[in-house]
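Thanks for coming; I would like to walk through one structure this morning, going from element to element. Please have the sequence and the coordinates open while I talk.

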Amino acid sequence: MSEEGPRVLIVEDEPEVRRFLRTALDVQGFRVVEAATAKEGLAAATTYNPEVILLDLGLPDGDGIEITRKVREWSRVPIIVISARGREDDKVGALDAGADDYLTKPFGVNELLARVRVALRHAVQSASPGGDPVLEIGTLRIDQSRREVRIGEREVKLTPIEYRLLVLLARNAGKVLTHRQILREVWGPPYVGEVQYLRVFMAQLRRKVEAEPARPRLLLTEQGVGYRLREG
Amino acid sequence: MANGREDEGMDDERRPDPDALLRRVQAEEARRTRARLRIYFGYSPGVGKTFTMLEVARRLRADGTDVVVGGVETHGRQETAELLKGLEVLPRRAVEYRGTLQQEFDLDGALARKPKVLLLDELAHTNAEGSRHPKRWQDAIELLEAGIDVWTTLNVQHVESLNDVVAQITFVRVRETVPDAVLDRADEIELVDLPPDQLLERLREGKVYLPEQARRAVDNFFRRGNLLALRELALRRTAERVDADVAAYRHQHEIRSTWAAGERILVCVGPSPTSASLIRGGRRMAAGLRAPWVAAYVEAPGAFALTGPDRDRLQANLRLAESLGGEVVRLTGAGASEEILRYAREHNVTRIVVGKPTHRRWRDVLRGSFVSELVRGSGTIEVHFISGDEGGAEEPPAPRETAARPVDWLGYGMAVAGVAAVAGLGVALRDVLAMPDVAVLFLLVIMVVAARCGRWPALAAAALSVAAYDFCFVPPFYTMTVHDTRHFLTFGMMFAVGLVISALVDLLRRQERAARAREARTAALHALSRELVGATDARQVARIAARQAGAALGGEAAVLLPGAPGNAPLGFVAEGAFRPGDNALSVARWAFDHGRPAGRGTDTLPGSPAICFPLLSGTRTLGVLAVHAASNPPDDPESRSHIDAFLRQTTLALERARFEEEAQAAALRARTEEMRSSLLSAVSHDLRTPLAAITGAATTLRDDPERLDSRQRRELTETICGEAERMGRLIGNLLDMMRLESGRVAPRREWVPLEDVVGSALGRLESRLEGRDLRTDLPDDLPLVAIDPVLFEQLFVNLLENAARHTPREALIELRARVADGRLEVEVADRGPGLPPGEEERVFEKFHRGPHAGAGGVGLGLPICRAIVEAHGGTIAAANREGGGASFRIVVPVGAGSVTGPDPGGLPDVLPEAKA
């Protein structure tokens with residue numbers, strides 16, 4: 001157990017799941033705090049000031065979505081929801097409430113660790129606004145100061161909307177953004193319901209960015225939830 | 001006859017007929033469990049009925065029985081009030097009636113309290129207006145139906161069938177009566193008796209309470225002679241009852257009774273006011289003979305339908321017969337005596353009771369005598385004459401029909417104008433026209449007026465014609481004087497012709513009206529049945545019936561179906577134009593619970609604006625037809641049978657719909673059952689297999705870690721991961737299937753580029769399709785399609801997974817799609833071994849697994865595909881390809897007007913650069 005490792009709060013009522021999470025995270029050098037109920041979870045979130053929260057939705061004394069909302073009132077700590085509820089509506093609900101990511105049980109440890117790392121990195125990035133004007137993800141390179149997008153050596157010409165869309169996804173690379181979140185950021189709050197427009201622009205963007213638009217490697221669809229730009 | 005069967009059975013061998021035995025056991029069972037009615041019966045106020053009742057009640061109370069006093073009047077008598085102490089008395093309900101507050105018995109309170117025994121004084125009491133029932137005895141019946149024993153008191157003069165006998169004795173007619181049927185319903189009748197001398201003594205001592213209005217009659221009523229006669233009546237009535245009990249007992253115990261077997265009495269009822277006493281007489285005779293009795297009325301078809309007041313009196317008479325326990329029969333036919341005799345023979349009637357004719361003899365000569373025809377044709381049937389009660393004069397003679405109708409001024413105007421015109425014409429052409437011509441012209445006017453305006457204007461025209469003829473054309477002209485007496489003959493003939501014509505025309509008009517009304521009814525029934533044929537569920541039936549009933553009965557109607565409690569007010573789902581309020585709903589509730597009509601124009605809650613008919617199917621009530629009409633429902637026999645037919649048809653349709661729903665539910669249950677059993681066997685196999693592998697691998701790792709080398713350890717962990725994944729997939733599939741099968745998943749269609757859906761499906765399959773040759777062929781100009789993207793992603797995942805599982809690694813998999821004519825066509829094809837012949841349909845069955853299935857298949861992938869496609873209203877089919885391999889084709893309607901190209905109209909594509 002490393003003293004310097006990031007603090008992770010696990011809010012989960014199943015002791016077996018807690019045990020497996022603790023083991024997996026311990027091994028990776030995280031400092032783990034556990035809570036079995038919503039009440040304990042909220043208390044721990046204020047006391048220990050964790051850097052990531054893993055949150056189960058179905059807790060005996062309250063709904064995880066409620067906890068997410070309460071935490072979001074005062075903190076931007078990344079929240080990764082882990083839940084047996086696999087329906088898209090549940091995911092969208094949690095993400096729109098302020099969760100950063102969503103993992104459906106069962107999941108592999110690799111996947112969990114990848115999501116935790118993404119969350120930690122984004123937390124660092126958002127803490128220092130502005131940041132690097134150049135975003136590089138795999139072969140994709142976005143130079144925000146020059147408003148230039150390249151795939152490998154090839155320069156890609158984008159319309160202003162497409163550009164904003166790509167930048168938004170790239171800044172949140174690895175993270176799922178719901179339709180509402182994307183629409184609000186790119187088009188503005190009045191357009192949060194216009195999912196099909198988003199789909200059309202995304203298809204258009206894929207044709208410009210992806211080698212094979214029907215088998216996207218970069219701009220991935222989380223069907224019924226939103227979009228994610230794949231890291232690396 | 002009712003007991004025909006039993007008689008036969010006993011003739012053969014003196015052994016009870018098993019059916020009869022069963023019926024009796026059931027009847028006894030019902031008797032034991034049903035609530036009991038006890039009546040304390042007396043011959044006069046003051047004999048101590050209430051006192052006796054309370055005394056017994058106190059004893060019962062002391063024994064611990066739940067006795068509650070519902071309504072008892074102490075009339076300020078100390079000894080009675082004393083008895084009430086220690087008994088629970090229900091609070092009264094205050095009813096405001098015409099400004100004064102009246103304390104009434106609270107029926108709902110009693111029903112809610114539900115004691116074992118309820119005491120209710122004065123059975124003949126008339127409730128205050130606005131109560132649920134007009135009469136207290138109806139309250140008693142409802143209490144009994146609710147399973148509450150009722151004790152009550154009654155005086156002999158309030159018994160319906162004895163009403164006019166009592167009136168003859170005492171010259172006091174009592175208006176508040178109780179039907180004999182209620183008395184017959186009583187399980188116990190307890191006679192409370194006091195010798196008249198003692199009663200008179202008590203009266204003198206002021207111990208008998210008398211209502212204010214009775215004080216005037218007190219001298220008339222409380223004469224010793226009267227009291228003796230009344231006492232005898234009460235004793236006789238009680239004795240009759242005891243007799244009946246004895247007979248029932250003998251019957252029950254197979255004692256061959258000596259009662260006049262097969263006696264059956266028929267009372268001829270008409271609209272005459274004297275029929276009422278005829279009915280009471282018939283009932284007394286029937287009671288004396290302990291025979292069933294029938295009140296029969298012969299209706300002449302159509303044309304001679306009764307007019308308003310006559311009809312009302314007839315209805316009243318028939319209702320009286322019903323309330324006295326008689327069966328009411330309506331016969332139709334031109335010859336009254338023939339119909340009566342035909343019915344009498346068919347139904348083994350032994351005695352016919354008719355009233356003595358009171359009309360003049362000449363009517364018999366003209367119309368034929370009903371009585372003499374009856375007597376002549378009666379054969380072995382006895383015919384009894386009972387004199388009409390001359391006291392019947394209390395009922396006013398029937399007012400003429402026209403008095404009620406607005407005067408037809410136009411008709412009379414036409415009569416006057418027509419006669420004046422002919423008179424004028426006759427005067428002008430006096431030289432040309434002969435007198436008979438003028439007479440014929442007048443007749444013409446009478447005919448025209450009769451044809452256009454009906455009977456009374458025609459009669460007026462006839463009278464005017466006679467006058468005008470006399471005045472203008474009979475010498476001396478312009479006087480009413482007639483010199484030649486022969487002209488009187490002409491006048492007479494003219495008037496007679498007018499009379500005959502007007503009568504004929506009137507008859508025609510009435511027949512026409514009747515025919516039209518009949519036609520309208522038939523048409524309404526026809527329309528109802530035609531529409532009901534198409535109705536498939538109960539709510540549809542209800543909607544149609546409500547609409548047709550509203551049209552037929554001239555108002556708004558609704559059919560109320562019992563819904564799940566809590567779903568709708570009072571547990572009803574209402575269909576139709578009429579939105580019943582709380583009042584109407586409680587009427588409907590009552591009608592539903594009691595299986596009898598209630599509301600406007602009935603005996604129950606007559607103050608309600610709506611009338612509710614229960615829809616009865618056997619003993620079950622399927623619903624209630626509630627009609628909110630501007631006027632009372634018509635009560636003539638034809639309308640009633642029309643309503644009956646209406647209700648019957650609706651009930652039949654409802655029943656059919658219910659059976660259909662039940663059959664469907666049963667089929668669904670059977671399918672679900674079948675699915676569940678195959679699911680269970682599949683689940684037990686498919687979940688246990690990976691679980692076995694996981695358990696085996698995990699226990700090996702736990703128990704022998706040191707004996708395993710690193711390769712073995714890795715293999716075991718791989719097994720655990722792989723099998724867990726497989727189990728996860730199976731559970732996911734099962735959940736998907738259950739969601740789709742539950743029917744709650746309606747596709748959420750959104751306009752999406754198909755590419756996007758295919759892309760996300762391929763993303764999910766990335767690891768499984770690793771190294772496979774997959775080609776997708778999606779045209780660049782593929783328009784947006786309206787599909788559920790989540791379900792379609794699942795569809796593609798399942799199809800591609802299926803293709804990957806059943807084909808060798810090197811086999812090519814292709815995915816093609818196109819949109820044509822508003823339909824999306826997708827094909828997933830492979831170059832694998834193809835489907836075994838005959839499997840093309842079976843692959844879509846749940847838990848069916850092909851012969852080449854590799855590990856991990858659960859036989860749910862393709863059924864899920866089919867469920868998804870069908871939820872979108874499309875089709876899926878499997879076939880073998882030319883040149884080898886299998887192909888799955890999907891055709892789904894995706895709607896017209898799809899957006900092509902990236903042109904989301906109206907959405908800004910240009911943003912302020914500064915923001916970027």
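Predicted model: local features only at pLDDT ≥ 70, side-chain atom pairs only at ≥ 80, totals over all residues.

Before the first packing pair, a word on terms: an axis here is a line fitted to C-alpha atoms, for a helix over the stretch in contact, and an angle runs from 0 to 180 degrees between N-to-C directions.

The crossing of helix 28 of chain B and helix 29 of chain B is left-handed. On the side of helix 28 of chain B, the contact is made by Leu791(B), Gln794(B), Leu795(B), Asn798(B), Leu799(B), Glu801(B) and Asn802(B), and helix 29 of chain B answers with Gly861(B), Leu862(B), Ile864(B), Cys865(B), Ile868(B) and Val869(B). Sorted by class, that contact has 8 nonpolar, 4 polar and 1 charged residues.

How many of the 11 residues of helix 29 of chain B are buried? The count is 9 of the 11, so helix 29 of chain B is largely enclosed by the rest of the structure. Those buried residues are Gly861(B), Leu862(B), Pro863(B), Ile864(B), Cys865(B), Arg866(B), Ala867(B), Ile868(B) and Val869(B), and they pack against helix 26 (710–741), helix 28, strand 24 (875–880) and strand 25 (886–893) of chain B. Just after helix 29 of chain B, there is also a backbone detail to look at, in that Gly873(B) takes a positive phi of about 75°.

Which strands pair with strand 12 of chain B? One is strand 9 of chain B, residues 265–268, which pairs with strand 12 of chain B in the parallel sense over 3 bridges, and in that pairing Ile265(B) stands opposite Arg351(B). Another is strand 13 of chain B, residues 382–386, again in the parallel sense but over 5 bridges, and there Gly355(B) stands opposite Ile386(B).

Next, still in chain B, comes an open sheet of 5 strands, in the order 15-14-18-17-16 and with antiparallel pairing. Strand 15 (572–576) and strand 16 (598–599) of chain B stand at the edges with a single partner strand each, so one side of each is left without a neighbour in the sheet. Within this sheet, strand 17 of chain B, residues 611–617, is joined to strand 18 of chain B, residues 620–629, by 7 bridges, and Leu616(B) stands opposite Thr621(B). Helix 23 of chain B, residues 538–553, lies across strand 14 (555–562), strand 15 and strand 18 of chain B, and runs at about 155° to strand 14 of chain B.

Let me now move to chain A, which has 8 helices and 14 strands. Of its 232 residues, 39% are buried. If we take the contacts in chain A between residues at least 6 apart in sequence, 56% of them join residues at least 24 apart.

Chain A also contains an open antiparallel sheet, in which 4 strands follow the order 8-9-10-11. Here strand 8 (134–137) and strand 11 (154–156) of chain A are at the edges, each with a single partner strand, so one side of each is left without a neighbour in the sheet. The twist averages 20° from one strand to the next. Strand 9 of chain A, residues 140–143, and strand 10 of chain A, residues 148–151, run antiparallel and are joined by 4 bridges, with Leu140(A) opposite Ile151(A). Helix 6 of chain A lies across strand 8, strand 9 and strand 10 of chain A, at about 110° to strand 9 of chain A.

Finally, where do the two chains meet? In total, 28 residues of chain A are in contact with 27 residues of chain B. On the chain A side, the elements that give two or more residues are helix 6 (160–171), helix 8 (195–209) and strand 13 (219–222) of chain A. Helix 8 of chain A provides the largest share, 9 residues. By class, this side of chain A has 16 nonpolar, 6 polar and 6 charged residues.

Methods
Residues numbered from 1 in each chain as written. Chains lettered and ligands numbered in written order. Pairing = 2+ DSSP bridges. Contact = placed C-beta atoms within 7 Å. Buried ≥ 20, exposed ≤ 12 C-beta atoms within 10 Å, placed from the backbone. Nonpolar A, V, L, I, M, F, W, Y, C, P; charged D, E, K, R; others polar. Left-handed = near helix turned anticlockwise from the far one by under 90°.
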